[in-house]
Amino acid sequence: MLFNSIDFAVFLPIVFLLYWLVFSKSLKKQNLFLILASYVFYGWWDWRFLLLILISTLVDFYVGKKLGQETAPKKRKLLLWVSVLTNLGMLGFFKYFNFFIENFTSAFTFFGASFQPNTLNIILPVGISFYTFQTLSYTIDVYRKKLTPTNDGVAFSAFVCFFPQLVAGPIERASNLLPQFYKNRTFNYNNAVDGMRQILWGLIKKMVIADNCAVYANLFFNNSGDYSGSTLLLGALFFTFQIYGDFSGYSDIAIGTSRLFGFDLHKNFAFPYFSRDFAEFWRRWHISLSTWFRDYVYIPLGGSHGGKWMKIRNTFIIFLVSGFWHGANWTFIIWGLLNAVYFLPLLLTNKNRINLDIVAQGSNLPTIKDFLKIALTFTLTVFAWIFFRAESGVVALQIVSEIFSESLFIIPSFEGKRLAVVTAILIVLFMIAEWFGREKAYASADWGLHLKRPLRWVIYAIQLFIIFQFMETDKSPFIYFQF
Amino acid sequence: MTNDLNYFLQSLLKFIPFSILFCVVGICLWGDFVPNLITKNLAKKEMIPGFMENRIADLTKTKEVDILFLGSSHAYRGFDTRLFKDAGYSSFNLGSSNQTPLQTEILLQRYLKQLQPKLVIYEVYPNTFSVDGVESTLDLLVNDKLDSNLLKLALKQNDITIYNTLIYSYYQNLFQKEQSTVIPFQKEEDNYIANGYVESEVTSSKKYSYKPQEYLFKSNQFDQFEKNLEILKKGNCKVILIQAPITKALYNSYSNNEFFDLKMKSYATYFNFNELMELNDSLHFYDDHHLNQKGVALFNQEIIKKIR
């Protein structure tokens, strides 16, 4: 079920009312109802893949329980491997099977051998990369004795499949989300209203910014051979805002929806396009995944301790894995490598933790130095997104070479310029709103809070009006569903 | 129920009608005062191609014709009423932009009795059986009268641009507002001729190439098409189905042309002029799927031969 669909607009109020009016007297019943609602939410897309969520839930619940009882290190390790292999096995099969087969075939052919294996027509289950990582973090934390295993199967199951963040995150840690299923939840008016505000802002990001940008990003990237460097650069810019609006919009809706049910999820985006360097960018972009990789891959590998070569190795590993997590395509791996290249100089010169604050905190405009840093980081980000979005590495290189040719100076030419101008205006207004809201949890968090109710409602209604007037009418799924 | 929840639900129940009212008033003001450049999801007369307004104006002066043309832009840009007049047939072209069977029904209900055609040439472009018909509904909403049938169709299509346009059109009707007082007979390179026909001055020599593709037909459009044929049968009209020529490059890129041909043959007399005529992509078209005047002349000559 898409957040920006009529189905969800009907589903959410029904679940909300039943949750608070019918099931609020019993915590267990409320959790069971959340499981049911989450399975309906997921099964709306394809009920067959509910089995995978169920497998993941059962395996990790029992592995967690056993880890709590077992003291022998070897047996504990074995249990951990059961969880890791189950989750990554499912992920590997559904997401990477064909990629490996195709690349093995290419490698065999390259060395002159003949190898004709069958690839499978595999459907990628929506959100598999998210819920497998979430449940995996539980067993790893229990294995590390950082978390007490749960005996409450219902709460654990609800933690794995909690519908607001099931298919595209934020990837929650058991230490944050699981305890919220243990305690009685009471409805809080301010939390719920703030949740609604965040949902509204998320819908603007997705339906107004991302979906409109998608029209041109798709047009230019899918027919890159037909366009000049200047038009392709425009396409890269549109994609830059598309992916941000799409994914951070999803996260806002997920966090806002969770608040309606009395849950607090972690922030997943913190105005990343205002970052002054790449270390800051990765502290602000897809935070739940970055911190997951930091805690479960980077630190176990030795992190930034050890010698220079170890730092370099670990940085490349984490960015490669991060790229590969996004999809079974070399473009994502190149994108990851590029980010490693951007990040490495900061790490090696110990400048990766200098921009920990919010840029231009307490002031309206950044200093010229900060502005130039933001501009440089943004430009390099746009460049990396070209590889992320292109159909293949070869196409990405063709796009880059076209952008760096004299056709960069030709006035962009394409069909639908009028709406492209409208989209550009919307992006500018959106980024202004983001800039002035960068010290808040989300840009519109305090809009109208100091005003009387009728005026505050006018502000909400204006946002709805903007959605209705500018939303893209061809519904498109969230980009991160495919990951 | 806690006080907080009670207050939240009460507030929400008040906010919903408030926001609906706000948006309705907003749409009317938006339509009146905001330049067309930025009215993305609100259609206005000046923004819709196809000269439907001129066609409707001509309809008020027309009674009883020999031939009625129905269909998409391939109809209103492909059947030159002047050439049919020269051949001795009075005719009216009721084609409109991307007209799908859903909108054809509305037009038939409104104008069939008045025109009483002996023959209906129904242009069937496979693409109009694969789309939801939003563009054509908008065309009717801004250019023709609002009635319960059109309202039903608009609600069935469930599209935000249709809702916005519907509200704005009702507001205009209510306050007797006209979007423009002068009906233009020329828009860019298109000329509205008479009796519904639009001629284009453009000649294109562009080369087209396409990846293999297929039409994704919608069953509701075929169902509606059958109903339209029933309406025509009841009106004692002879019906000929015609697929107008499109460029070879575009036509050959579709893999399910044969399926469509078989389907159309099962309904009525059907001619697919992509298979019957040899036209040149760069000489006879002004874009990848519309004939230029040179192409129209050849195409119409062939049709006249078939109906004689």
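## Basis of the description

Two strands are taken to pair if DSSP finds at least two bridges between them. Helices (H or I, at least four residues) and strands (E, at least two) are DSSP runs, numbered from the N terminus. The model is predicted: local features need pLDDT of at least 70, side-chain atom pairs count only at pLDDT 80 or more, and totals for chains, interfaces and linings use all residues. Residues are numbered from 1 along each chain as its sequence is written, while chains are lettered from A and ligands numbered from 1 in the order in which they are written.

## Sheets of chain B

In chain B, three strands form an open antiparallel sheet in the order E4-E5-E6. Its edges are strand E4 (186-187) and strand E6 (198-200) of chain B, each pairing on one side only. Two bridges join E4(B) to strand E5 (residues 190-192) of chain B in the antiparallel sense; B:Lys187 has B:Asp190 in E5(B) as its bridge partner.

Another open sheet of chain B holds five strands in the order E2-E1-E3-E7-E8, with parallel pairing. Strand E2 (91-93) and strand E8 (269-272) of chain B are its edge strands, and each pairs on one side only. Strand E7 (residues 238-243) of chain B pairs with E8(B) in the parallel sense over four bridges, and B:Ile242 has its bridge partner, B:Phe271, in E8(B).

## Overall form of chain A

Chain A contains 18 helices and zero strands. Its radius of gyration, taken over C-alpha atoms, is 23 Å, close to the 23 Å that the globule rule (2.2 Å times the number of residues to the power 0.38) gives for 483 residues, so chain A is as compact as a globular protein of that length. The C-alpha trace of chain A spans about 70 × 65 × 45 Å along its principal axes.

Of the 483 residues in chain A, 43% are buried (20 or more other C-beta atoms within 10 Å of the residue's own, with C-beta atoms placed from the backbone). Two residues are in contact if their C-beta atoms, placed from the backbone, lie within 7 Å. Among contacts in chain A between residues at least 6 apart in sequence, 73% join residues at least 24 apart.

## Annotated regions of chain A

An unreviewed UniProt entry lists several stretches of chain A as "transmembrane region", including residues 32-58 and 457-473. UniProt positions are given in the numbering used here, feature names are shortened, and annotations may be inferred rather than shown by experiment. Residues 32-58 of chain A are 89% helix and 0% strand, with end C-alpha atoms 15 Å apart. For residues 457-473 of chain A the figures are 82% helix and 0% strand, and the end C-alpha atoms are 25 Å apart.

## Domains and chain contacts

An automatic or database domain assignment divides chain A into domain 1 (6-185) and domain 2 (190-276 + 355-482). Taken over C-alpha atoms, the centres of these domains of chain A are 29 Å apart. Contacts link 16 residues of domain 1 of chain A with 16 residues of domain 2 of chain A. On the domain 1 side, helix H1 (6-22), helix H7 (163-166) and helix H8 (174-182) of chain A each supply at least two residues; H1(A) gives the most, with three residues.

Between the chains, 20 residues of chain A are in contact with 22 residues of chain B. H1, helix H9 (189-222), helix H17 (417-436) and helix H18 (453-470) of chain A each supply at least two residues of the side of chain A that touches chain B. The largest share of that side, eight residues, comes from H18(A).

Terms used. Buried ≥ 20, exposed ≤ 12 C-beta atoms within 10 Å, placed from the backbone.
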